[in-house]
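Here is a short report on one protein. Start with the sequence and the structure below.

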Amino acid sequence: KTVLRGAEHVERGSTLIENLVGVAERGAVESNARWALKQGVFDEKQLDRALDTLRQYDRNVGDPVKGVRGEYAMALDTTQYLFSPPDANGQPVINPDRVERMQEIIGDESETTREEIEKMDPEDARATIEAFNNYYPELAEQMRIGYPEVRASDLEALADQYIATSPITKILLPSMSRAHVLRARAEASRRATQLAYAVHVQHARTGKWPRSLDELPSEVSDHIRTDPFTGRYFGYTVGNEGPTIYSASENGIDDGGVHSPRWNDGVTDPEASDDYVFWPPQK
């Protein structure tokens, strides 16, 4: 309860990093909750209490656009900072001292050079602002739609439309696809953890594993049974050692519950499984 309350507080912040820290804190709680279930530390009454706690405190991740608003404001503010004060005719003009200051802050990680920024003229400044004003509202709309309709590749394609507008957009216009994926993984973890507890509560009451997710009681909503990556029920099978609960993950393809430890991150084999097994917990 303490950690989940803290995560909720952090997620109220206006920056993307605050949102993602809250997501990570929730993920740690859910992972430990699944391992506690694996170790059999709860009796039937405690299982019910644990599930109630998850339902009460482990809320859905917040508005995905909150962090986008902060990024949008930062991009506009930084552009104004670099082009201030204006020239005698009121036209935006680059401020070399401020460019130097920004370069000190971001270091040498950016491929965009100081000379490229200092060559920017008033038309470049206006084009930069226009790119931000187009990108961020479109991004917000796409992120609100979310999975399964909008996947990481869709957000990457959106960023590609605007990122080459100017040297400043190359630095400040991020692809939000990674944050989009992490939030979807967090939501899958939230639902699958509650689902694993609901399945165990049912087993404790009846002595039998549910043969399908449809056999769970009505208080386990369809929302909790649904994999956010597909809009369909989580993968669920029952074998000799009990049930397996898994997400089809980013590619949305059911690979039979073959676990991909890092959600297939960094795997170049297109035939590799993209499934992520939540139950039983995997090392």
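## Overall build

Among contacts between residues at least 6 apart in sequence, 62% join residues at least 24 apart. Contact here means heavy atoms within 4.5 Å. The model is predicted: local features need pLDDT of at least 70, side-chain atom pairs count only at pLDDT 80 or more, and totals for chains, interfaces and linings use all residues. Residues are numbered from 1 along each chain as its sequence is written, and side-chain values use heavy atoms, with hydrogens and water left out.

The protein holds 11 helices and three strands. Both kinds of element are DSSP runs, numbered from the N terminus: helices are H or I with at least four residues, strands are E with at least two. Read from the N terminus, the order is α-α-α-α-α-α-α-α-α-α-α-β-β-β.

## Size and surface

The C-alpha trace spans about 80 × 40 × 30 Å along its principal axes. Of the 283 residues, 43% are buried. Buried means under 20% relative accessible area, exposed means over 50%, and partly exposed lies in between, with a 1.4 Å probe and protein chains only.

The accessible surface comes to about 14,900 Å². Carbon and sulfur atoms account for 48% of that surface. The areas come from the Shrake-Rupley method with a 1.4 Å probe; for residues, only the protein chains shown count as cover.

Strand 1 pairs with strand 2 (residues 242-247) in the antiparallel sense over five bridges. Two strands count as paired if DSSP finds at least two bridges between them. A hairpin of two residues joins strand 1 to strand 2. Gly235 stands opposite Tyr246 in strand 2. Tyr236 has Ile245 of strand 2 as its bridge partner.

## A buried glutamate

Glu30 lies in helix 2 (residues 16-38). Glu30 is buried, yet has no salt bridge. A salt bridge needs a side-chain nitrogen of Lys or Arg within 4 Å of a carboxyl oxygen of Asp or Glu. The nearest side chain of opposite charge is Arg34, 5.0 Å away. Lys and Arg count as positive, Asp and Glu as negative; His and the chain ends are not counted.

What does Glu30 touch, not counting residues up to four places away in sequence? Its contacts are Asp58, Ala186, Ser189, Arg190 and Thr193.
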